[in-house]
Amino acid sequence: MSEHPRDRFDLIPDASAEAAFLDAQAKGRLHHAWLLCGVEGSGKATFAYRAARRLLGAAPDPSRGVLGTDPYDHVARMISAQSHPDLLVLERAVEGGKTKKSISVDQARDLPEFFSKSPSQSPYRVAIIDAADDLNLNAANALLKVLEEPPERGVLFLVTHAPGRLLATIRSRCRRLAFPVWPQHALEDLVRNKTGVPSAEAVRIAGMAGGSPGLALSLASGATLEADQLAQDWVAAPEINRAEAMAISDKFRGAEGQERFETLMERLIAAVKVRALEEGASGARWAELWSRLSELPERAAGINLDRADVLAGALADLQRTKAAR
């Protein structure tokens, strides 16, 4: 499994964003709500945890960047253990090994109660919503009530991959920080330094990551690279090895199986997208397949379809697309 943002201490998402945040704090203009915008995996949640550590009193460690802290500091350790009383994190709940489709209104209602109390151990109380895109409508309205009455000594970080989908009234009450995509060379350096993979492999991973450091680190794991190679083989091969696909489907059971399924579907969708872009104007059928597959995982989760059946259907659709002329 990839490292959670709360456990990342050496990844600096964007130095200018960190400098802007510290400048606001130093000048006494620390906004109560920060909208962290950028593509998925661009370091927004990592920034939120880095800023939260500093707001909650963790000792600075300049060797780890402007907002760097010592991972062995007691505040940092409490945050990593998810036990700090002045930090609230809202993210999609996991029940029965399955991740919910959205952040519920019941979860969002924890925010007013949390901010109604004074900090117990720190200068501030901090909440992280990862991601605000996952709030259902009622939950978004519950958040809006908090934003309309800014909490004293309270700071919210809202991670968003698609800010345009949020309520305009939420966006207007937040200070926006944008996280740009990383250049290829920076991703290559990150992957080499963090994982020790050979240069050629780092170049390949950086090329697949689309400017996202989080995705680059995820791809550097053996399981993700294996899934990516498998997906590329399926797209390129004249015929798909059905026996191989069935053997892989047998590993989709349980929580680990869900993660394996989601990773494989993600890489399959990415491989089809690349093929559609390569085909250009003549690749309409590949673009249509990309659109269908992109909707499939969420739709399958919504009606609780069997993961093995979902993969089999996706591969059958892929085979039909390759056979069409």
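All six residues of strand β5 (residues 125–130) are buried, so the strand is largely enclosed by the rest of the structure. Buried means under 20% relative accessible area, exposed means over 50%, and partly exposed lies in between (1.4 Å probe, protein chains only). Helices (H or I, at least four residues) and strands (E, at least two) are DSSP runs, numbered from the N terminus. The model is predicted: local features need pLDDT of at least 70, side-chain atom pairs count only at pLDDT 80 or more, and totals for chains, interfaces and linings use all residues. Residues are numbered from 1 along each chain as its sequence is written, and side-chain values use heavy atoms, with hydrogens and water left out.

Both faces of β5 are covered. On one side, R125, A127 and I129 are buried. On the other, V126, I128 and D130 are buried. Two strands pair with β5. Pairing requires that DSSP finds at least two bridges between the strands. Strand β2 (residues 87–90) runs parallel to β5, and four bridges join them. Here V89 stands opposite I128 of β5. Strand β6 (residues 154–160) also pairs with β5 in the parallel sense, over six bridges. In this pairing A127 faces L156 of β6. The chain passes from β5 through helix α6 (residues 137–148) to β6, and this β-α-β crossover is right-handed. Right-handed means that, with the strands pointing away from the viewer, the path from the first strand over the helix to the second runs clockwise.

D130 belongs to β5. D130 is buried yet forms no salt bridge. The nearest side chain of opposite charge is that of K44, 7.1 Å away. In this assignment Lys and Arg count as positive and Asp and Glu as negative, while His and the chain ends are not counted. Leaving aside residues up to four places away in sequence, D130 touches A45, L90, E91, R92 and V159. Contact here means heavy atoms within 4.5 Å.

Side chains of opposite charge can pair when their charged atoms come close. A salt bridge is a side-chain nitrogen of Lys or Arg within 4 Å of a carboxyl oxygen of Asp or Glu. The structure holds 16 salt bridges.

One of them joins R192 to D189, with the closest N and O atoms 2.6 Å apart. Both residues lie in helix α8 (residues 184–195). They are three residues apart, about one turn of the helix. R192 has 26% relative accessibility and therefore counts as partly exposed. D189, at 35%, is also partly exposed.

R275 and E279 form another salt bridge, at 2.9 Å from N to O. Both sit in helix α13 (residues 254–279), four residues apart, again about one turn of the helix. R275 is partly exposed, with a relative accessible area of 23%. E279 is partly exposed as well, at 26%.

R204 and D228 meet in a salt bridge of 3.5 Å, N to O. This pair links distant parts of the chain. R204 lies in helix α9 (residues 199–209) and D228 in helix α11 (residues 222–236), 24 residues apart. R204 is partly exposed, with a relative accessible area of 26%. D228 is buried, at 3%. Both residues belong to a network of salt bridges that links E201, R204, D228, E266 and R267.
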